[in-house]
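Below is a set of questions and answers on one protein chain. Please look over the sequence and the coordinates before reading on.

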Amino acid sequence: MSTFEAFGLPKSVQKAIDELGYTAPTPIQEKSFPVIMSGRDMMGIAQTGTGKTWAYLLPLLKLYKFSTTHTPKILILVPTRELVVQVAEEVEKLTRYMSVRTLGIYGGVNINTQKTAVYQGVDILVGTPGRVMDLALDNVVRFDETTKLVIDEFDEMLNLGFRPQLTSILAMMRPKRQNILFSATMTDEVDTVLTDYFDFPEEVSLAPSGTPIDKISQLSYPVANFNTKINLLEHLLKNEAMSRVLIFVNNKRHADLVYEGIEALYGENFGLIHSNKSQNYRLNTMAEFQLGNLRGIITTDVMARGLDISDITHVINFEMPEPETYIHRIGRTGRADRTGIAISFFTPKEEERKIEAEVLMNREIEVLNFPEEVEVSDQLIGSEKSRQPVKFLLKKPKIEGDGAFHEKAKKNQKVNLGGPSKTKKKTHGSVNRNLLKTQSQKRKGKK
């Protein structure tokens with residue numbers, strides 16, 4: 001097994017790695033290092049939890065040269081505020097013995113405070129596309145010295161609708177630069193952007209056997225409805241082995257309902273994170289969880305991408321997501337050579353999504369028997385209740401009988417035997433004749 005020392009990193013970086021207690025690079029780090037060092041554009045395909053952040057940071061820090069200028073030399077774009085904080089922290093850990101100024105910027109906070117920080121000078125800038133573009137348009141962030149661009153979670157960034165901001169930033173940057181992109185999946189939209197903006201990037205990908213999915217036990221329960229899922233969740237949480245848990249829900253409203261459902265029994269032990277929560281609240285909740293003061297977090301997919309929260313024992317999919325999102329969710333556990341357990345609840349309507357995830361992974365998710373001691377609720381939430389379409393409710397009733405109205409309708413029925421429309425010809429002809437008649441009368445008047 002190779003070690004980080006084989007990379008020939010600067011002594012300052014190697015010292016920081018040694019103090020962090022890491023000795024061996026992950027497969028994606030080994031594969032990416034020589035490609036990035038060559039200066040070529042690179043497209044890395046690797047699932048979450050494989051060490052992508054260090055895969056681009058280590059070679060970039062080896063290539064980094066000190067400069068007295070105050071504009072960023074390296075720009076790292078990530079899709080969410082939480083990822084900005086996390087990546088900036090990783091940069092600071094690795095550069096603690098280097099003279100490098102790192103800054104993370106994102107929306108939802110005072111832009112003037114961030115402008116002041118940029119004016120003080122920055123060497124490595126980490127940010128979300130929206131806030132970076134805002135500051136660039138104000139001529140606060142300049143890319144005169146930026147020779148390295150990293151776009152992490154590229155597919156997720158496009159899914160979130162950041163393509164206009166990305167293309168605007170790319171247009172502002174100097175054409176001579178190295179582009180490094182990482183994505184968990186290779187979609188058509190990713191391929192299109194690569195073709196349009198990058199110079200034949202070399203692809204570096206991990207074989208499926210090297211992904212963390214192999215270390216995750218995947219289980220599932222068939223469940224009747226939402227409220228029965230709440231009962232099952234309360235039952236499973238009695239197991240103390242579930243010591244660090246992430247519970248994923250498909251939307252903000254359902255996340256609130258799940259928290260309300262288990263609040264009486266476990267409220268003090270669980271946090272709640274989604275996009276309606278303030279940035280400070282979200283960061284504080286994550287910090288409390290990381291410190292072990294919370295047993296778990298109920299969240300939407302805001303936490304499914306890229307976030308490195310250590311020692312997650314269980315991931316619970318309270319609702320089945322799209323297949324790609326399923327892989328990102330369960331990738332929160334089974335990280336750093338540890339094993340993990342992913343448990344998914346699925347209703348009859350969600351079974352198809354479960355099957356799609358199995359097809360994508362080329363493996364089955366084990367189905368367990370629903371526990372007899374768990375109560376099956378007959379109460380449905382709003383989204384589960386069947387509703388008659390408005391169109392059907394407003395539909396006029398049919399008039400019975402065969403009166404004159406119906407006879408007239410039958411007479412007016414036409415059978416289209418093909419060919420040009422006689423009605424259109426007739427109309428067109430009558431218009432022409434009227435026009436000729438008018439013109440003839442005008443000529444006579446002149447005479």
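**Burial, cores and a pocket**

A357 counts as buried, since its relative accessibility is 1%. The model discussed here is predicted.

Q: In which helix does A357 lie?
A: A357 has a relative accessibility of 1%, and buried means under 20%, so A357 counts as buried. Leaving aside neighbours within four places in sequence, A357 is in contact with P323, Y326 and I365. The helix in which A357 lies is α14.

Q: What distance separates the C-alpha atoms of A357 and T325?
A: The two residues are 32 residues apart along the chain. Their C-alpha atoms are separated by 9.1 Å.

Q: Is E350 buried or exposed?
A: E350 is found in the loop between β13 and α14. Its relative accessible area is 12%, and the limit for burial is under 20%, so E350 is buried.

Q: Which backbone nitrogen does the side chain of E350 reach?
A: Not counting residues up to four places away in sequence, E350 touches K229, E319, M320 and F345. The side chain of E350 comes to 3.1 Å from one backbone nitrogen, that of M320.

Q: How many of the residues of helix α10 are buried?
A: Helix α10 spans residues 226-236 and is mostly covered. Its buried residues are F226, T228, K229, I230, L232, L233, E234 and L236. They pack against β8 (216-222), β9 (245-248), α11 (252-266), β12 (314-317) and β13 (340-346). Out of eleven residues in α10, the number buried is eight.

Q: Which residue caps the N-terminal end of α10?
A: The cap is made by a side-chain oxygen that lies 3.5 Å from the backbone nitrogen of N227. The residue that supplies this oxygen is N225.

Q: What is the relative accessible area of E153?
A: E153 is found in the loop between β5 (148-151) and α7. Although E153 is not a glycine, its phi is positive, at about 55 degrees. E153 is buried, and its relative accessible area is 1%.

Q: How far apart in space are E153 and S183, C-alpha to C-alpha?
A: In sequence, E153 and S183 are 30 residues apart. In space, the C-alpha to C-alpha distance between them is 4.8 Å.

Q: Where is the place of N139?
A: N139 has a phi near 60 degrees, a positive value in a residue other than glycine. The place of N139 is in the loop between α6 and β5.

Q: Which element gives the largest share of the largest nonpolar core?
A: This core has 37 residues, and I17, Y56, L58, I76, I124, V126 and I180 touch the most other members. Two or more residues come from each of α1 (11-20), α2 (27-37), α3 (52-63), β2 (74-77), α4, β4 (124-127) and β6 (178-183). The largest share is seven residues, and the element that gives it is α3.

Q: Which residues does Y56 touch, not counting residues up to four places away in sequence?
A: Y56 is among the residues of the largest nonpolar core that touch the most other members. With residues up to four places away in sequence not counted, Y56 touches I36, I76, V87, V150, D152, I180 and F182.

Q: How many residues are in the second, separate core?
A: V140, I151, I169 and V190 are included in this core.

Q: What volume does the second largest pocket have?
A: The pocket is lined by 30 residues, and the closest to its centre are T80, E156, L160, D301 and V302. At least two lining residues each are supplied by α4 (81-94), α6 (129-137), α7 (154-159) and α13 (323-330). The lining divides into five nonpolar, 13 polar and twelve charged residues. The volume of the second largest pocket is about 550 Å³.

Q: What share of the residues of the protein chain count as buried?
A: The protein chain has 17 helices and 14 strands. Among its contacts with a separation of 6 or more, 76% are between residues 24 or more positions apart. Of the 447 residues of the chain, the share that count as buried is 47%.

Notes. Residues numbered from 1 in each chain as written. Predicted model: local features only at pLDDT ≥ 70, side-chain atom pairs only at ≥ 80, totals over all residues. Heavy atoms only, no water. 1 Å grid on protein atoms, 1.4 Å probe; cavity = no way out; pocket = protein on both sides within 12 Å on 5 of 7 lines; lining within 4 Å. Points joined across faces, edges and corners; volume = space filled by probe spheres on them. Helix = DSSP H or I, 4+ residues; strand = E, 2+ residues; numbered from the N terminus. Nonpolar A, V, L, I, M, F, W, Y, C, P; charged D, E, K, R; others polar. Core = buried A, V, L, I, M, F, W, Y, C linked by side-chain atoms within 4.5 Å. Buried < 20%, exposed > 50% of the residue type's maximum accessible area, 1.4 Å probe, protein only. Contact = heavy atoms within 4.5 Å. Polar contact = N/O pair within 3.5 Å; in protein donor to acceptor, adjacent residues only side chain to side chain.
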